[in-house]
Amino acid sequence: MGATLLPRLKDSSLVARRLGAVGLGIFAAPSYVAQFGAPRSLADCARHRWVSFSDMRRLPKELQGPPSPRVSTDDLLLAHGMVRMAAGLAVLPGYLAHEDVLAGRLVRVVPSWKQTVGTLFFVYPPAQHVPRKVTALRDHLVDVIAQRPLALAEG
């Protein structure tokens with residue numbers, strides 16, 4: 001992440017600092033993979049059980065899951081928990097799965113697939129001297145995101 005500020009927003013005098021891109025990947029519990037195997041391609045994912053999160057409509061058709069997923073929810077944290085409990089595969093944001101992958105509670109399947117779904121910005125009013133509280137929050141967010149990335153690592 002660069003330390004430079006982005007140009008001012010078109011329709012505003014606000015200043016935006018890019019914190020990072022938000023990326024999605026396909027994840028499963030190690031016990032699920034041990035029992036059902038890991039999909040090797042997007043097409044192979046269709047033969048697996050899915051935990052479906054309702055806000056994932058923009059995904060490729062292969063990743064929208066079967067017509068009747070094993071679990072379907074509009075709560076991303078519930079979907080995350082169900083995947084950790086080996087209910088099936090799910091498309092999750094990298095920031096949500098990151099610590100679980102490091103701890104061995106989740107594995108990334110079909111690592112060649114990822115999708116960027118947005119970018120997180122820290123936006124604040126311009127000022128010659130930015131208040132210390134604003135600077136402290138901005139710096140804290142930059143540090144947290146450096147330790148717990150929003151996007152997925154390569155591969």
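**Close-up 1. The R138 and D139 pair.** D139 and R138 make a salt bridge, with their closest N and O atoms 3.3 Å apart (a salt bridge here is a side-chain nitrogen of Lys or Arg within 4 Å of a carboxyl oxygen of Asp or Glu). R138 is buried at 16% relative accessible area, whereas D139 is partly exposed at 35% (buried is under 20% relative accessible area, exposed over 50%, partly exposed in between, with a 1.4 Å probe and protein chains only). This is a predicted model, so local features need pLDDT of at least 70 and side-chain atom pairs count only at pLDDT 80 or more, while totals for chains, interfaces and linings use all residues. Residues are numbered from 1 along each chain as its sequence is written, and side-chain values use heavy atoms, with hydrogens and water left out.

**Close-up 2. Two other salt bridges, D44 with R47 and D100 with R105****.** The closest N and O atoms of D44 and R47 sit 2.4 Å apart; D44 is buried at 13% relative accessibility, but R47 is exposed at 65%. D100 and R105 meet at 2.5 Å, N to O. Here D100 is buried at 4% and R105 is partly exposed at 36%. The count for the model comes to four salt bridges.

**Close-up 3. One side of helix α3****.** Helix α3 spans residues 76-84, and its L76, A79, H80 and V83 are buried. These residues cover an arc of only 100 degrees around the axis, so they sit on the same side of α3 (the arc is taken from the directions from the helix axis to the C-beta atoms). Helices (H or I, at least four residues) and strands (E, at least two) are DSSP runs, numbered from the N terminus. What do the buried residues of α3 pack against? They pack against β1 (15-28), β2 (51-53), β3 (71-73), β4 (90-93) and α4 (94-103), contact meaning heavy atoms within 4.5 Å.

Close-up 4. D75 caps the N-terminal end, with a side-chain oxygen 2.9 Å from the backbone nitrogen of L77. Just after the helix, A86 takes a positive phi of about 70 degrees.

**Close-up 5. R108 in strand β5****.** Strand β5 covers residues 107-109 and holds R108, which is buried at 19% relative accessible area. A polar atom of the R108 side chain lies 3.1 Å from the backbone oxygen of P111. The R108 side chain also reaches the backbone oxygen of W113, at 3.3 Å.

How values were computed:
Polar contact = N/O pair within 3.5 Å; in protein donor to acceptor, adjacent residues only side chain to side chain.
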